Amino acid sequence: MESAIAFIYKINQVIINPIILLLFGIAVLVFLYGIFEYVKGSGSEDARATGSRHMVAGVIGLFIMISVFGIMRAIMNTIGANPAENGFNDVIGQ
């Protein structure tokens, strides 16, 4: 059973967390692009509206990625795949 939990932890560590971080980075870029559009088009109502939409989309994306990270953390703790608590550091090579 310990090897299955260590395998699940390794999948989370190697595949899922990097995907979450990539999407988190994309959300930050969308937010920053929205700020840039808002400031650049400060004279135009349409440009400001577009910038505002991008900023809102970026904030929503950030919220979703933080929520997904928290949900994954809760799932990993529920199934017992937290290496610090269960002593899996030797099993997973850390």
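Q: How many salt bridges does a search of the whole structure find?
A: A salt bridge is a side-chain nitrogen of Lys or Arg within 4 Å of a carboxyl oxygen of Asp or Glu. A search of the whole structure finds one salt bridge. This is a predicted model, in which local features need pLDDT of at least 70 and side-chain atom pairs count only at pLDDT 80 or more, while totals for chains, interfaces and linings use all residues. Residues are numbered from 1 along each chain as its sequence is written, and side-chain values use heavy atoms, with hydrogens and water left out.

Q: Which residue forms a salt bridge with glutamate 45?
A: The partner is arginine 48, and the closest N and O atoms are 2.3 Å apart. Helices (H or I, at least four residues) are DSSP runs, numbered from the N terminus. Glutamate 45 and arginine 48 are separated by about one helical turn because they lie three residues apart in helix α2 (residues 45-78).

Q: Is glutamate 45 buried or exposed?
A: Buried means under 20% relative accessible area, exposed over 50%, and partly exposed in between (1.4 Å probe, protein chains only). Glutamate 45, at 54% relative accessibility, counts as exposed, whereas arginine 48 is partly exposed with a relative accessible area of 25%.

Q: What is the nearest side chain of opposite charge to glutamate 37?
A: For charge, Lys and Arg count as positive and Asp and Glu as negative; His and the chain ends are not counted. Glutamate 37, found in helix α1, is buried yet has no salt bridge, and the nearest side chain of opposite charge is lysine 40, 6.5 Å away. Contact means heavy atoms within 4.5 Å. Leaving aside neighbours within four places in sequence, glutamate 37 is in contact with Ala47, Thr50, Gly51 and His54.

Q: Which residues does methionine 72 contact, leaving aside its neighbours within four places in sequence?
A: They are Asn12, Ile16 and Ile20. Methionine 72 is found in helix α2 and, at 18% relative accessibility, counts as buried. Methionine 72 and isoleucine 16 are 56 residues apart in sequence and 8.8 Å apart in space, C-alpha to C-alpha. Asparagine 12 belongs to helix α1 (residues 2-40) and counts as buried at 8% relative accessibility.

Q: At roughly what angle do the axes of α1 and α2 cross?
A: Two packed helices are described by the angle between their axes and the distance between the axes. Axes are lines fitted to C-alpha atoms, for helices over the stretch in contact, and angles run from 0 to 180 degrees between N-to-C directions. The axes of α1 and α2 cross at roughly 165 degrees and come within 7 Å. The two helices, α1 and α2, are therefore roughly antiparallel to each other (angles over 145 degrees count as such).

Conventions:
Parallel < 35°, antiparallel > 145°, perpendicular 65-115°, else oblique.
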